[in-house]
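New notebook page, new structure.

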Amino acid sequence: PGSVLRPVCTHMADEEASYTYEETYETVTDPVAEYVPRNEAERKSLELQKAMKERGIVYIGFIPPKMTPATLRQLLERHAGPGNIDRIFLQPESEAVTRRRQKRSGRGTVCYLHGWIEFLRSATAQRVADTLHQTPMDPSPRSRFHGDLWSLRFEEGLMWAHIREKKVAAQREKDEKLHSLMSKSAAQNEEYLQRVSKARQMAARRRRTAEKAGVAGAGPRGLDEAPETGRIARGDAVRSISQKEARKTQPVPDAIMDKLFG
């Protein structure tokens, strides 16, 4: 242990200039296997790395409704032994599915689709997966999960870091998709606001043009022929009046005055 054999090829020439090869071996020390930790922190780190390599992960492909990680751990520890299961990750369903079910049936509990279970020993994980696959989850007839079957698969060579990387990649993809949708929505809103602003500017321009045309046509006609919302100049001030106001300012005929005051 701690050493490997490395082939060293040498050749010798004979009198007829023909070459023959002879293989010899020398012992080379493996620096990784013979590494001695310098302090307590390095020793614990090496022990943790060794323990992580000895762990095994089981994939569960079906999780019945109302099963939680605590319930799953309790059922599996009956076969793996107490304390032999470390981490459990269950993939929840989407929030939209949960909201639809809550709206339809009134139950807003989160359901899980699949997951991974980490065992402290790879041999224990493989034994549990091979033994329980396609068997009832709970043998008790009164249990909620009696009619559900295990769907387990031992993932050889899979480490928990790989699952974490997969989760991070999925979250990154989700964030990028959300960012793309938000950017697209912001661009659409900006375009809509620009169109509204342009429409208001065009409406204001048309209104000013109509007002200028009304002022230009009201001069030679007098008050009686002035438009409803025209502008009439009096000195330096310009104000808008209506035909009703113009009629009020007209003089009363003499015949009417004679009848009123005799």
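**Holes first.** I need one term before looking: on a 1 Å grid over the protein atoms alone, a cavity is a set of points where a 1.4 Å probe fits but cannot get out, and lining residues have an atom within 4 Å of a point. Grid points are joined across faces, edges and corners, and a volume is the space filled by probe spheres set on the points. I note that this is a predicted model, where local features need pLDDT of at least 70, side-chain atom pairs count only at pLDDT 80 or more, and totals for chains, interfaces and linings use all residues. Residues are numbered from 1 along each chain as its sequence is written, and side-chain values use heavy atoms, with hydrogens and water left out.

I looked for cavities of 30 Å³ or more and got one. The largest cavity has a volume of about 30 Å³. Which residues line the largest cavity? I wrote down Val-58, Leu-76, Ile-117, Phe-119, Val-128 and Leu-152.

**The chain as a whole.** I counted seven helices and eight strands in the protein chain. Helices here are DSSP runs of H or I with at least four residues, strands are runs of E with at least two, and both are numbered from the N terminus. Of the 262 residues in the protein chain, 20% are buried. Buried means under 20% relative accessible area, exposed means over 50%, and partly exposed lies in between (1.4 Å probe, protein chains only). I also checked contacts, meaning heavy atoms within 4.5 Å. Among those with a separation of 6 or more, 56% join residues 24 or more positions apart.

**The sheet.** Next I followed an open sheet of four strands, which come in the order S4-S5-S3-S6 with antiparallel pairing. S4 (85–92) and S6 (152–155) are the edge strands; each has a single partner, so one side of each is left without a neighbour in the sheet. From one strand to the next, the twist averages 20°. Two strands pair if DSSP finds at least two bridges between them.

I went through the pairs one by one:
- S4 and S5 (residues 112–119) run antiparallel and are joined by six bridges; Leu-90 stands opposite Gly-115 in S5.
- S3 and S5 are antiparallel over five bridges, and Ile-57 faces Glu-118 of S5.
- S3 and S6 are antiparallel over four bridges, with Arg-153 in S6 as the bridge partner of Tyr-59.

Is S3 enclosed or open? I found that five of the five residues of S3 are buried, so S3 is largely enclosed by the rest of the structure. Both faces are covered, with Gly-56, Val-58 and Ile-60 buried on one side and Ile-57 and Tyr-59 buried on the other.

**Leu-132.** I picked this residue from helix H4. Leu-132 is buried because its relative accessibility is 5%. Beyond its neighbours within four places in sequence, Leu-132 is in contact with Leu-76, His-79, Trp-150 and Leu-152. Trp-150 is 18 residues away along the chain, yet the two C-alpha atoms are separated by 6.3 Å.

**Asp-138.** My next stop was the loop between H4 and S6, where Asp-138 is found. Asp-138 has a relative accessible area of 8%, so it counts as buried. Setting aside neighbours within four places in sequence, I listed Leu-75, Arg-78, Ser-143, Phe-145 and His-146 as its contacts.

**Arg-101.** Buried or exposed? I looked up Arg-101 and it counts as buried, at 12% relative accessibility. Arg-101 is in helix H3 (residues 95–105). Its side chain makes a polar contact with the side chain of Glu-93 at 2.6 Å. A polar contact is a pair of N or O atoms within 3.5 Å; within protein, one must be able to donate a hydrogen and the other to accept it, and residues adjacent in sequence count only if both atoms are side-chain atoms. Not counting residues up to four places away in sequence, Arg-101 touches Glu-93, Gly-106, Arg-107, Thr-109, Val-110 and Cys-111.

Technical notes
Axes fitted to C-alpha atoms, helices over the stretch in contact; angles between N-to-C directions. 1 Å grid on protein atoms, 1.4 Å probe; cavity = no way out; pocket = protein on both sides within 12 Å on 5 of 7 lines; lining within 4 Å.
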